[in-house]
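Dear colleague,

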Amino acid sequence: MIEVSQLRVAFGADENETIAVDDVSFTIPEATVYGLVGESGCGKTTILRCLCGLNRQWSGSIRIAGKPVGPVRDLAFYRMAQMVFQDPYGSLHPRHTVNTILSEPLLVHGIADIGARVSRVLAQVGLGESFRFRYPHQLSGGQRQRVAIARALILEPRILFLDEPTSALDVSVQAEVLNLLRDIQVEQGLTCVLVSHDLAVVANLCNRLAVMKQGRLVEELGVADLMSGRAHGGYTQRLIAASAGYDRALVSLDSD
Amino acid sequence: ATPKDVFVMASDLTTFITFDPAAANESFPNELLRQMCTPLLSLDHQDPSKVVAGLAETWSNSPDGKTWTFSIRRGMVFASGKPVTSSSVAWSMRRSMKLNLVTASLMRDWGLSSPDQIATPDDHTLVITLTKDLAPSITPFAFTNHRLGAALDADTVMAHEKDGDLGAGWLNTNVACYGPYRLNTLRAQEVVILEGYPKFWSGAPAMKRIIVRHVPEPGAQRLLLEKNDIDYAKSVEASSLAAMVANPDLRFQFKPRLDSVYLALNQKDPVLTNPKVIEAFRYLIDYQGLSETVQKGRAEIRQSFVPAGVFGALPKGEDPYRLDIAKAKALLAEAGYGDGFKKTILTMTNYPFPDLAQNLQQNAAKAGVTLEVRTMATAQLYTLMRSRDFQMLMAVYDYDYPDANDMALRMAYNPDNSDAAKATNFLAWRAAWAPGAWFKEQVETAQRERDPAKRTALYAELQRRHMQESPIIGIFQRLGAMALHKRVKRFDYNGAEIFYDTIQKD
Amino acid sequence: MTSNSPILTVEDLRVGFPTPRGTVEAVRGISFAIGRNKVGIVGESGSGKSMTGRAILKLLPGGATSSVKSMKLGDTDLAGLSESEMLGVRGKRISMILQDPKYSLNPVMRVGHQIAEAFRVHHRASKAEAEERALEMLAAVRIRDPRRVFSLYPHEVSGGMGQRIMIAMMLIPEPELIIADEPTSALDVTVRLQVLAILDELVTTRGIGLMFISHDLNLVSTFCDEVLIMYAGRIVERCPAAELHQAKHPYTRGLLASLPRLEDGHKRLRVLERDPSWRDEPIPAEA
Amino acid sequence: MPRRVLPILRGSLSIALTLLGLLALTFFIGRVLPFDPIAAVVGEKADASVYETVRARLGLDQPLYVQFGLFLRDMLSGNFGRAIFTGNAVADDLRHVIPATVELATVAIIIGCGLGIPFGVAAAVYRGRPIDHAVRLLSLIGHSVPIFWLGLMGLIVFYAWLGWVGGSGRVDIFYLDAVPRRTGMLLVDSLLAGDWDVFVSALRHIILPALLLGYSSMAYISRMTRSFMLDQLGQEYVTTARVKGLSRRRVVWGHAFRNVLVQLATIVAISYGGLLEGAVLTETVFAWPGFGQYLTTALMIGDMNAVLACTLIVGLVFICLNLITDLLYRFLDPRTR
Amino acid sequence: MTVQSFERDASLRTWLLAEAPESGFQAWSQSFYLAWLRLAANPLAVIGLVVLLALGLVALMAPWIATHSPFDQVLTERLQRPSAAHWLGTDELGRDVFSRIVYGARTTLYIVGLVAVIVGPIGLCIGATAGYLGGWVEALLMRITDIFLSFPSLILALAFVSALGPSLDNAIIAIALSSWPGIARLARAETLTIRSSDYVDAVRVMGASTPRIIFKHVMPMCLPSVVVRVTLSMASVALTAAGLGFLGLGAQPPTPEWGAMLSTARQYLLEHWYLAAMPGLAILTVSLAFNLFGDGLRDMLNPRS
Ligand SMILES: Nc1ncnc2c1ncn2[C@@H]1O[C@H](COP(=O)(O)OP(=O)(O)OP(=O)(O)O)[C@@H](O)[C@H]1O
Ligand SMILES: Nc1ncnc2c1ncn2[C@@H]1O[C@H](COP(=O)(O)OP(=O)(O)OP(=O)(O)O)[C@@H](O)[C@H]1O
Ligand SMILES: [Mg+2]
Ligand SMILES: [Mg+2]
C-alpha cells in the first residue's frame, strides 16, 4: 500500500542545514499497522508529513496505493489518506464547533448529506449527538482526540497517519483511544502508520515497526519480536529496557 | 519685556518664498521687503492717497503724462559701499522684465514692458516712458511699489548669479536694496531679523533691530504680546479682539484696508448668468448682521468695489442692498427658479470665510437655493480660480494702489473673455464675466480723465452700474487691526502699507 | 537519620478557582506528610497534583483561593506566613523543580548566574563565592565541564542538561524539601532515567524530602518510596511504592489495568469505569 | 564567503526597494495634490505669461516620468534641490529643522520611557488593582486628548499664568544664535559652549512640548509594557524565580523585565520614529521650527523638492530604526546571537 | 419582579451555561455569554461599553434629544455662555452647541464606524495573506505595508483627501488608507503563529484550497486581536478626523462634526473656552470609551494569568 524508498529530508540551507530524515526505505502492506519509534527529534513526524503531503521538500520516492506521488497532492489523494495529529488541543480549530470541524472536509470535497454523515461518524467514535455543538474547549482531551479521529474518518480514507495519537492523554483515556483505533482499523481494513515513542503503545497497535535514530532507520522488526524482547540492535534493547521503569542499578550517571 | 530699541513681533513665517523684488508676492515678506527696499516714491505714512519722495527727490511728467523724469537723491550707498544711482533702479526694472515674474506682470499693467522705455541720461536722472495713456494723478502710484521702483545693487546681485538666473536664487533669501533696514538673519519657520541702517537718508530708525519670531498660532501670539515678550502680534483672532482691546496693556490701531471681500458667480454657469439670479444673491447676504457680529471690528460694509478712503470711492453708506429673503425669492421666481437650484460655493478655510459662506448658505436655503460649502486652502482656491473651475466662490482681493483705477481694472474690465486669454489678473475674467463695451469704454475714459471731479463722477457711475449688473458682488472692506503693546508709541500704517522706520517705543 | 519524623505535614488543604459556572475545587481537603523519603503523587490529568505542590509554596496562579488547617514545616506553620516571610521559605527550605527546562529557565540569563543567584538570595556570599558554589553544584549534578556550561544560555543546553541545571539551582540553597512536578516527562526515555538517578542520589545522600509528582504509574512505583493516588482533588489511596501493584482502590486498579504493556501485544485494554462515589467517599487514614 | 554576502545583498535590495517605493508614492501624492506650486510662487495677481514662465522654470512642463527621473538622479547625487517655500536649498533647511525635531523627540521619548515603563510594569504586576486602572486611565487620556488643545491649555497655565516655562519657540529670542551652532540641538550646543543661561532658557522652552509629546508616547509605551509584562509574568521561569525565594522586585525587574527589553526596544523605536516624523500640531502650537511643520507646509503648497526629500529622510529614519532594533535584538536576546 | 420572570432568567442562564449545547446557535450564544461575563468583570470596560452604547443611542435619537436645530443660525445670539436656553452655549454663528454636539455624534460615529469597516478587512486580508503565503508575496506585501507605515498618517490622509477632493467620505477613505498598515502587520504576526499550527495542517490534509484556509481558518483566529486593535485605533481615528477637519479637509460646514467644531472653536479658545471644551470633551470621552472597551476586549480575548 505504501512504499517509501530512499526518503531524504533536509531543513535549512547551507551551513545550518539539518538532515531530518536520511535514506529511509520501508514498505507497508495493505490493512496493516506500521509503527515508527525513536527518540524526540529523530524524524518520525517528518516522515509522516512527507507521506501526507504537508512537507514538500523531500527527495527519494514514495508510492501510495501503487502510484508514485509527488510533493503536491490532489484532492483524490486526501480522500484516500488522512492524518491524526499528536496534540488534540492544537489540532482542532478553537473557534469552530465539533459540527463545523466535521463538516469542513465534506464541504471541501463537495460531499452532500453532511448532517447524516456527521452523526454517523460521531457515533462511530463513541461520541453522542450531545457533543455535536460543543467547542473544543468544552471537551476533554480524550474526547478531542476522538473528534480528531472522526474528522479523519469522515472522508472514509483507506490510509490513516497517526502522529503520537495518545501521548498527550492520560493512561485511562489513552486506553479508550487505542481501543477505538484498533476497532476501526480492523473494521475498515485501514492501513495505518503510527508514530510513537512509547513502545507499549506500538506493541498494542502495530504489526510491524521501525526503530529510528537521528533520521536513520536502524532496525525493523515484527511485533512478536518486540514483545519477546528479541531485538538485535543495542539501541532498541536500550529503549525496551528504559520503558520498563526506573532501576537505579541500570543507569550510568556519567555522561554529557 | 523687550528692550527699548528693539522691536519684536510675532508672525507666521512658515512660507517665505522669496525676497526678490522681481518675484515677491506674499503679503508679509513684502511688508518686510518694503522696509529694506525704498521705492522711487513713497505713500504718505498717514494718508495713502498722497505720494511723497522716496529714492527720487523730485519727479515731473511730460504734458501727455507718458514720460516721467525722476531725480535720484545723492549720497545714498548700498551695503556694499556702492552708490545708489539711476542705473541701479533701471537695472532692477530691466531685470524684472527679463525674469518675467510677478513684477513683470505688474509693470505690463502700467504699460511698461520693454527695456527701451527706461533711460538714464545721467547717474541721478531716470526717465521712464509709459505706453498707456493714464491720468498723471494715477501714474506715480506705480513707482510707490517697492517691487517695481526699488534699486538693486547690481554688482552684488550679479556676483551671486548662477546659471543665468540674474541672482534670483541668491535673492530668495538675501536683500541687496537701499532702505532704512537691512536683512540680518532669515530663517523660515524660525526668525527674521532686520538691522537698522543709521545713515538712511531720512535719518536713523529709532529701532535698531526688528525681530520677527515665528509663531503660527494666534493664541500663542496673544499670550506673548500680553507678557510683552513681543511688541506686536501680526495675527489677531477675531474672537479675541474685544478682550484684547479691553486690556490696558495693549494698544490697537484700526485702518480700513485696501481690499474687497466679494462673492463671485461664474458666468459659465447658465443659471448664474441670469440677471435676476445675480440680483437675488445680492439680497441673500446679511451685510448688516454679519458686520455687527462675525465681522465686528474687522470689516465694514462696502458693496461698491472701490474701498473707502481711496480716490473715486462712493461716499460711505451708499450700499443699496440688504438682506431681503422675500425679495430674493421673488426674483428667483421671476427668473424661473421658484423651486430653487443647487450650487457649490468655494471659500477659504481661514476666518471669516467659513462663517460668511455658512451664513449665505442658510439664507439661500430659506429662498430655496441649496448651497454646498467647500472650504479649502488658499493656494488650492487660486488654482481653481485660474482655471475658472467653480460655480460660486467667496474670497477677498487685495488691491495694489489706492486709486479707483486699480479696482476698476480688476473688477469691471475684461477685454478678452476667452479661456485662451488667461487674463487671470482680472477678476472679471476669472468669473467669466464679459462686462461689455460700456464698461470698457467707461474704465478707459476714467483712466485718461485729468479732471478729478469728472473722474470721480465716472467712477461713481461705473460702480453703481457694476453693483447692478456684475456677477462679482461686493460685500465688505476689511479693517486692519494692529495689536501692539502699549509701550509702542508710534507705528505707522496707512491702510495700504506699514512703515517700520518711524516706530517709537518706550 | 531520622527518616520517620516528617518534614512537612499538611492537613486539610483546599484549592479552588472561582469561575462563572461556580467554584472549581481543584484540591479538596487533602492531608499528608512527607518525611526524608521520596513520596510520589500520581493521578490523572486535572486531579490537582500540581495545585497541591504549588499550594505548599503559596505560588498558586492568580484567582485561586486556598485554605489549609495546618501546614507545618518543622516548627513553622506555613499557613500563617505572610508573603515576605514566605520568601525565606521558598528556595531556602522548600524548592520546586518544574516540568520543562526549556521554559523554566530565564532565557536571557546565563545558567550559572541563575544558579548563583539562588544561592545568594539566601546566603550572605560574595559573587565569586556564589559562583564557586554554583560550579561545585554543577559538578554535583554530573555536568562534565561546569565552567563551560556555567556561561551558557538556556537555549544552548539540551533538555537533560537543562533539567540537571534546574536540579542544581534548586538544591544549592540546601532545602529540606523538594517538590518535583513531572520533572522528567519532557525528556527522552533514556535521558529521563539519568536525570532521575541524579535526583535520587542527591536527595538520598543529603537527606532531603522529595515530593514527586507524576502521572506515570510505572515510573512512580519504581522510583518512589511511597505513593499517594489522587482523584478529583482528593487522595483516594496511599501505599508504599512497592505495593502499588496490589493497590486496593478500584481507581488505582483501573489505572494500572489500562496501561498497555509490551508483553501483552494486541490485547484489548481495559477501560477505567469511573464511579461517582469515589469523589466523596471517606479518605483512608494516614498509612 | 558569498553565502554571507547573499543575505546582506538581499537586505540592501529590500531596503532600496522600500525607499524607491516610498519615493514613488510621495511623487505620486505630490502630483495628485490639488495644490499648485506655481500658484504659490506667482501669487494671485500674475498674468498667464508669468505663470507659464514659472511653470517652465520649475520643470513642471516636462512629462511626469522625466520629472521623476530627474528627481531620482538629483536625489542619488545628494542634491535635494531648492525648496520653493523657503527659497533655500532643501538640504540647508533640513539641517535646521531636523536637529530641532531630534532634540524635542529625544527629550520627549526620555520622558515617555521614564514614565511609561515603570507605569506599565506596575500595571502588569498589580493587574486588576486600582493602580492598574489608574495607569490605564492616565495613559488612555494621553492617547485620546487632542494635542493642540492640551498644548494651548498648557501654554495658558504654565506660561501665561504661572510663568514657569518659556513661551513659543526654542529659546528666548535674545539668546537666539547666542551659542555657536554645532549639533543644532540647543541643549547640547549650549552645554558645549558652557553657556548656562542659554541652556536654562532652552530647557524652559522645550519642557512643555516635550512633556506633551512624552505624555502621548507614555500612553503607548505603558500600555505595550503592560501587555508584554503580562506575557512574561505568566511564564514558567518567573515561577522558577519565585520558587528560589526572590523578592517581587527582583522577580519583576531582574527576570521578567529583562525579557521584555527586546520587545520594548521595538516599541520605543517605533514611537521615537513617530516623534521624529514630527508632530505637526505640537510644533505649530509651540512654534517649534521642526520637521513636521516643514513637511506639512511643503505638502500644502505642493513643494515637491522639499516633500520628496523629507520623505526620503523619514524612510531612512524608519530603516535605520529597524536596523538599530535588529542590532539591539542581537545584543539583548542571546537566542538571536 | 415576579417569581416567574426570575425563573425565566434562571432558565436562560442555565441554557447559556449548559454543558452540552444543542444547536450551533446555543453554542455561539454560550461562548458569547462567557466572554460577556469576563468583560463584565472589568468595570472600566463596561463603562466604556456603556458610554459607546449611550453614544449610539444619542446618535440614533438626535432629533429628539437636541433642543435646537444644529444648523439654525441666530447671529445676534452668537458666542453665548451656557444657559438654560442653550445648555452648552452657542457658537460663532449663534447655533446651539449642545444640539450640534448631539448631531455630531452621528458624524463621528459614521466616520469611526466606516473606517473600522474599511480598515479591518483590508488589513486582515493583506496581513493574513502575506503571513500565510510567505515567500515573495509576503516580502512584497510587507514592503508596501512598510512604505505606508513610514508615512505620517495625517500627511498621508491629507494627500489622499486633497487628491480625492475634500469631503467627509473621502476623509474617511483617506484615514482608512493610512491606518491599515498597523492592522496588516498585526494580522501577519498573528498568522505566522497560526500558519504552523496543527489545525491549519489538519485542514491542509483535508485538501482545502489556500483561499479557503486563509478566509475560513486563519482569519477567524486573527479576528479578535484585529477587532481589539481596530477598537483601540478608533480613538486616533476620531483625532485624525479632527486633525483633517482642522485643516479644512474633513467634514464640510455646516455639518456638525466634533473635530471641525473643535478646530473652529480653537480661535475662540482664550475667550470662550467652553466652545472648545465641549467638543474636546466629547472626543475625549468617545476615544476614552473606545480605548477602555478595547482594552477590556483585549484582556477578555486573551485571558492570561
Ligand atoms: N520546519 C522545520 N524546520 C527546520 N527543522 C525542522 C523542521 N521540522 C522539523 N525539523 C527538525 O527535524 C528533525 C526531526 O523532527 P521531527 O519532528 O520529525 O522529530 P520527531 O521524531 O517527530 O520528534 P518528537 O518525538 O519530538 O515529535 C528535528 O531535529 C527538528 O528539529
Ligand atoms: N488558572 C486556573 N483557573 C481555573 N481552574 C484551574 C486553573 N488552573 C488549574 N485549574 C484546575 O485545577 C484542577 C487541578 O489542576 P492541576 O494543575 O493541579 O492538575 P494536575 O493534576 O497537575 O494535572 P496535570 O497532570 O495535567 O498537570 C484542574 O481541574 C484544573 O482545571
Ligand atoms: Mg513528532
Ligand atoms: Mg500538573
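This is a predicted model: local features need pLDDT of at least 70, side-chain atom pairs count only at pLDDT 80 or more; totals for chains, interfaces and linings use all residues.

Residues are numbered from 1 along each chain as its sequence is written, chains are lettered from A and ligands numbered from 1 in the order in which they are written, and side-chain values use heavy atoms, with hydrogens and water left out.

Around ligand 1, the shell of residues (those with a heavy atom within 4 Å of it) includes A:Phe11, A:Ala20, A:Glu39, A:Lys44 and A:Glu164. Helix 1 (residues 44–51) of chain A gives the most to this shell, with three residues, where helices are DSSP runs of H or I with at least four residues, strands are runs of E with at least two, and both are numbered from the N terminus. By class, the shell divides into three nonpolar, five polar and three charged residues, with Gly counted as polar and Cys as nonpolar. Oxygen atoms of ligand 1 lie 3.2 Å from a polar backbone atom of A:Cys42 and 3.0 Å from one of A:Gly43, and an oxygen atom of the ligand is also 3.4 Å from an N or O atom in the side chain of A:Glu164. The protein buries 58% of the 630 Å² that ligand 1 exposes when taken alone, with areas from the Shrake-Rupley method and a 1.4 Å probe.

In chain B, B:Thr14 sits in the loop between strand 1 (6–11) and helix 1 (27–36). B:Thr14 counts as buried because its relative accessibility is 10%, the limit for buried being under 20% with a 1.4 Å probe and protein chains only. Leaving aside residues up to four places away in sequence, B:Thr14 touches B:Ala188, B:Gln189, B:His214, D:Phe85, D:Gln293 and D:Thr297, a contact being heavy atoms within 4.5 Å. Helix 8 (residues 238–246) of chain B has buried residues including B:Leu241 and B:Met244, and their cover includes helix 7 (218–226), strand 12 (250–256) and strand 18 (472–485) of chain B.

Of the eight pairs of chains that touch, chains B and D have the most contacts, whereas chains A and B do not touch, their nearest C-alpha atoms being 48 Å apart.

For chain E, an unreviewed UniProt entry places the feature "transmembrane region" at residues 44–66, 109–135, 147–165, 226–252 and 272–294, and such annotations may be inferred rather than shown by experiment. Residues 272–294 of chain E are 96% helix and 0% strand, with end C-alpha atoms 34 Å apart.

With best wishes

Methods:
A polar contact is a pair of N or O atoms within 3.5 Å; within protein, one must be able to donate a hydrogen and the other to accept it, and residues adjacent in sequence count only if both atoms are side-chain atoms. Buried means under 20% relative accessible area, exposed over 50%, partly exposed in between (1.4 Å probe, protein chains only).
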